[in-house]
Structures are given as C-alpha cells and as structure tokens.
Amino acid sequence: NESAENYLETILELSEELSEVRSIDVANKLGYKKSSVSVAMKNLREKGYITIDEAGHILLTECGEKQATDVLEKHTFLTDWLISLGVDKKIAQEDACRMEHDMSEETFLALKAHILG
C-alpha cells in the first residue's frame, strides 16, 4: 500500500545517505512520531520487506529493495517530467508522490517510453 511504499522509499533513500538506518532516522525524515514508525517497521518486517538487527539497524530485504527501487524510480521520473512541463519543484514532488502509488506498472512503462521516445 501507499504507506508501506513511502516507508520503503524513505529507507532506501536513507541507506544511500547513512551507513546505518534506524527507526529514528525514518521518523525524522518523514516527520512522524517514533512510535508510529515502530509500528510500521513491525508490519514491514512481518511482510518480509525489511530485517532489523539487534542494534536496531533496518535493512531492506531483496523484495523490499525491489519495491523501494521501483517506487523511487517512478517518483524521480514523474517529478522530473512534471518539472520539465513547468510545474514548481515542490508541487511536482508532491504530485509525483501521489501519482507513483496509484499508477499501474503498465501505464508507467508506456508513459516512460512515450516521454523518452
């Protein structure tokens, strides 16, 4: 779902910035309470998208990384495309975030092929 995808995308982005990702890092980046993030991390772990070691470091599993990479690709592509159309960067990022979760893979690939020619 959209919430899980946002968390996975955030974990992926943080893992590129930090050597170790913890729940507090996710909470700070998203502006959520640590307790809310802890519940979400438990759900992601139960679904097999992440693992959490004894020190509390969050790691994406193979399927979690695939899901996060797919969402991030959509987000980046859609943001860049909207900006190229003249949409303000902040609005483009917000709209891309909404679009990335509701757009089918088929539609995204067709749009990408059309835009890239």
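Which residues is I50 in contact with, leaving aside its neighbours within four places in sequence?

**View 1. Surroundings of I50 in the predicted model.** Neighbours within four places in sequence left aside, I50 is in contact (heavy atoms within 4.5 Å) with L8, I11, M41, L44, R45, I58, L59, L60 and T61. This is a predicted model, in which local features need pLDDT of at least 70 and side-chain atom pairs count only at pLDDT 80 or more, while totals for chains, interfaces and linings use all residues. Residues are numbered from 1 along each chain as its sequence is written, and side-chain values use heavy atoms, with hydrogens and water left out.

**View 2. The largest nonpolar core.** A nonpolar core is a set of buried (under 20% relative accessible area, 1.4 Å probe, protein chains only) Ala, Val, Leu, Ile, Met, Phe, Trp, Tyr and Cys residues joined through side-chain atoms within 4.5 Å. Of the 18 residues in the largest one, I11, V26, M41, L44 and I50 touch the most other members. The largest share of this core, six residues, comes from α1. Another core, of eight residues, lies apart from it and includes L82, A92, M103 and L111.

**View 3. Packing of helix α4 against helix α5.** Helices are DSSP runs (H or I, at least four residues), numbered from the N terminus. Helix α4 (residues 62-84) and helix α5 (residues 89-102) pack at an angle of about 140°, and their axes are 8 Å apart. Among the residues making the contact are V71, L78 and L82 of α4 and A92, A96 and M99 of α5.

**View 4. The position of R22.** R22 is found in the loop between α1 (2-17) and α2 (23-30). Neighbours within four places in sequence left aside, R22 is in contact with G56, H57 and I58. The C-alpha atoms of R22 and D88 are separated by 32 Å.

Conventions. Helices (H or I, at least four residues) and strands (E, at least two) are DSSP runs, numbered from the N terminus. Axes are lines fitted to C-alpha atoms, for helices over the stretch in contact, and angles run from 0 to 180 degrees between N-to-C directions. Buried means under 20% relative accessible area, exposed over 50%, partly exposed in between (1.4 Å probe, protein chains only).
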